[in-house]
Amino acid sequence: MSPPLLLVTNDDGIFAPGLAVLAEALAPLGDVYVVAPDREQSAVGHALTLHRPLRVDRLGERRFAVNGTPSDCVNLGILGLLPAEPKLVVSGINHGSNLGDDVTYSGTVSAAMEGTLLDVPSIALSLAAAEQGSFDEAARIARLLATRTLVEGLPAKTLLNVNVPSGRLKGIRFTRLGHRVYKEKVVQETDPRGKTYYWIGAGPPLWENLESTDIMAVQDGYASVTPLHLDLTHYDALRRLGEWEGALNAQLGARGRRSRRHGRE
Ligand code: MN
């Protein structure tokens, strides 16, 4: 049997140390293809490039730099560049955490979302270090989780979001997403030409102290593994808000009748 194909990407760019460490850690598991943005793309979220052509630089036999987003890289890798469908997408190892609500901004996590949407089991990995920490523990976790995922697969529409603390690792915890608290206001300053500018996200992040969250696990020295589901439908809310449907349609109908009476569409 031929070795499985693994697609590795990130949002820190093709030359980021975390990407090289990840590719090396996964090399024993199969044929690793690296398809990554040609420059830093942190916090671009799940953006796809649709209004300009994408260019690919082949830097090695299985190493490609793309002038696009992390999601572009995964889409392009799975649907075009790789010789066959990969068995796994792994994104990271990001320089910095992707915890709680921040996953919605994250290019690292979005790359794993793109893999999941294309039906390939996907994992996002981040190193929760303020400064450049060692990627060794994160690499070990990456290989462990990748190995298990290759064997067992993942539940439908589900990816794993993994954050590894810097320093000594106490273990692994399966967690839910934490919640950010926004205390600081946007910074407002005046530029040298007298115009006002704003700076968002300038302060240190604050988090709610909620049990069993990813942020608590990482603070306690554990790697957090959070399964994220890409069916964003809130089924309980759908059932409850379904009661609105009749009333809203009645109002819609009433407006429609009135419009006709006034001779409008
Ligand atoms: Mn990043």
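Modeller: Before any residue is discussed, one definition is needed: a residue is buried under 20% relative accessible area, exposed over 50%, and partly exposed in between. The model before us is predicted. As an example of the definition, Ile 172 has a relative accessibility of 38% and therefore counts as partly exposed.

Biologist: In which strand is Ile 172 found, and which residues make a nonpolar surface patch with Ile 172?

Modeller: Ile 172 belongs to strand β8, which covers residues 171-174. A surface patch is built from residues with over 30% relative accessible area and no salt bridge, and nonpolar side chains are joined within 5 Å. Here Leu 144, Ile 172 and Phe 174 make a nonpolar patch of about 320 Å².

Biologist: How is a nonpolar core read, and which residues have the most contacts inside the largest one?

Modeller: A core is a set of buried nonpolar residues joined through side-chain atoms within 4.5 Å. The largest core in this structure has 31 residues, and Leu 26, Leu 125 and Val 162 have the most contacts inside it. At least two residues of this core come from each of β1, α1, β2, β5 (88-95), β6 (122-128), α4 (136-152), β7 (158-165) and β13 (222-229). The element that gives the most is α4, with 5 residues.

Biologist: Which residues does Leu 125 touch, not counting residues up to four places away in sequence?

Modeller: With that exclusion, the partners of Leu 125 include Leu 22, Val 90, Ile 93, Ile 141 and Val 162. Asn 94 is also among the residues that Leu 125 touches.

Biologist: How is a metal site read, and what are the protein donors of the manganese ion?

Modeller: One looks for N, O and S atoms within 2.8 Å of the metal; water is not among the atoms, so a site may look incomplete. For the manganese ion, the protein donors are Asp 11 (OD), Asp 12 (OD), Ser 42 (OG) and Asn 94 (OD1), at 2.1 to 2.3 Å. The donor residues follow the spacing D-D-x29-S-x51-N in sequence. Asp 12 is in the loop between β1 (5-9) and α1 (17-26), while Ser 42 is in the loop between β2 (31-37) and β3 (56-60), so the pair ties together parts that are 30 residues apart in sequence.

Biologist: Is Asp 12 buried or exposed?

Modeller: Asp 12 is buried, because its relative accessibility is 14%. Ser 42, with a relative accessible area of 30%, is partly exposed.

Biologist: How are salt bridges read, and how many does a search of the whole structure find?

Modeller: The criterion is a side-chain nitrogen of Lys or Arg within 4 Å of a carboxyl oxygen of Asp or Glu. The search finds 8 salt bridges. One of them joins Arg 62 and Asp 31, at 3.5 Å from N to O. This pair links distant parts of the chain, 31 residues apart: Arg 62 is in the loop between β3 and β4 (63-66), and Asp 31 is in strand β2. Arg 62 is partly exposed, at 29% relative accessible area.

Biologist: Where do Arg 148 and Glu 152 lie?

Modeller: Both residues lie in helix α4, 4 residues apart, which is about one turn of the helix. Arg 148 and Glu 152 form a salt bridge whose closest N and O atoms are 3.2 Å apart, and both residues are exposed.

Biologist: In which helix do Asp 236 and Arg 240 lie?

Modeller: Asp 236 and Arg 240 are in helix α6 (residues 235-261), again 4 residues apart. Their side chains meet in a salt bridge of 3.8 Å, N to O. Asp 236 is partly exposed at 38%, whereas Arg 240 is exposed at 51%. Salt bridges with shared partners join Asp 236, Arg 239 and Arg 240 into one network.

Notes:
Residues are numbered from 1 along each chain as its sequence is written. This is a predicted model: local features need pLDDT of at least 70, side-chain atom pairs count only at pLDDT 80 or more; totals for chains, interfaces and linings use all residues. Side-chain values use heavy atoms; hydrogens and water are left out. Donors are N, O and S atoms within 2.8 Å of the metal (3.2 Å for Na, K and Ca); water is not among the atoms, so sites may look incomplete. Buried means under 20% relative accessible area, exposed over 50%, partly exposed in between (1.4 Å probe, protein chains only). Patches are made of residues with over 30% relative accessible area and no salt bridge: like charges are joined within 9 Å, nonpolar side chains (Val, Leu, Ile, Met, Phe, Trp, Tyr) within 5 Å. Accessible areas come from the Shrake-Rupley method with a 1.4 Å probe; for residues, only the protein chains shown count as cover. Contact means heavy atoms within 4.5 Å.
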